[in-house]
Amino acid sequence: MQRKPSDPQGAPRPAFGRSKRSQLNVIDYTLAKRALLRDAQAGLQSVNELCDAHPELMRAAKYVGEPTRSDCPVCKKDKLVLLAYVYGDRLKQENGRVWSIDTGMRMAAADPDTCCYVVEVCRSCQWNHLREAFTGRHTATG
Ligand SMILES: [Zn+2]
């Protein structure tokens, strides 16, 4: 699982600017996702288990999901939408809430102890997977 992320085909890029990304540490989950999808195609993993989005996640995807141009890798019938979940000790009652990608990234950039998880969801088959995680960079100014 420790292969280098060489990616000749180029993964579809989320539709947000690079300026904000440069202020953040990014963890990319593309490889984990591909491995899972490969297993599903090989019959090692049940597609039903992959497409198990929580009703609340589906509701969020429907109302606040940000559209992408990427086809769902499982059913290929719908475009994926993205959701941002933000976790941080200082967020109190807003901890774990869903936000727009933009707001989520801004929150992560503003507080190094806050993490923004971007989840991709298919509104047709309920495929869902963690796509990227963003954390703010600790700065010397503290
Ligand atoms: Zn789908």
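Strand β3 (residues 79–88) is mostly covered, since seven of its 10 residues are buried, where buried stands for 20 or more other C-beta atoms within 10 Å of a residue's own, exposed for 12 or fewer and partly exposed for the range in between, with C-beta atoms placed from the backbone. The model is predicted, and local features need pLDDT of at least 70, side-chain atom pairs count only at pLDDT 80 or more, and totals for chains, interfaces and linings use all residues. Residues are numbered from 1 along each chain as its sequence is written.

**Overall make-up**

- The protein chain comes to five helices and six strands, these being DSSP runs numbered from the N terminus, with helices (H or I) of at least four residues and strands (E) of at least two.
- Along the sequence, these elements follow the pattern α-β-α-α-α-β-β-β-α-β-β.
- Of the 142 residues in the protein chain, 26% count as buried.
- Two residues are in contact if their C-beta atoms, placed from the backbone, lie within 7 Å; among the contacts between residues at least 6 apart in sequence, 58% join residues at least 24 apart.

**Pairing of strand β3**

- Strands pair if DSSP finds at least two bridges between them, and β3 pairs with strand β5 (residues 114–122) in the antiparallel sense over nine bridges.
- Strand β2 (residues 66–71) also runs antiparallel to β3, the two being joined by three bridges, and here P67 stands opposite V81 of β3.
- With strand β4 (residues 97–99), β3 forms an antiparallel pairing over three bridges, in which W99 of β4 is the bridge partner of A84.

- Y85 has its place in strand β3 and stands opposite Y117 in β5.
- Y85 is classed as partly exposed because 19 other C-beta atoms lie within 10 Å.
- When neighbours within four places in sequence are left aside, Y85 is in contact with G96, V98, Y117 and V119.
- From C-alpha to C-alpha, Y85 and I101 are 8.5 Å apart in space, while in sequence they are 16 residues apart.

**The buried side of helix α5**

- Helix α5 (residues 101–110) has I101, G104, M105, M107 and A108 among its residues, and these five positions are buried.
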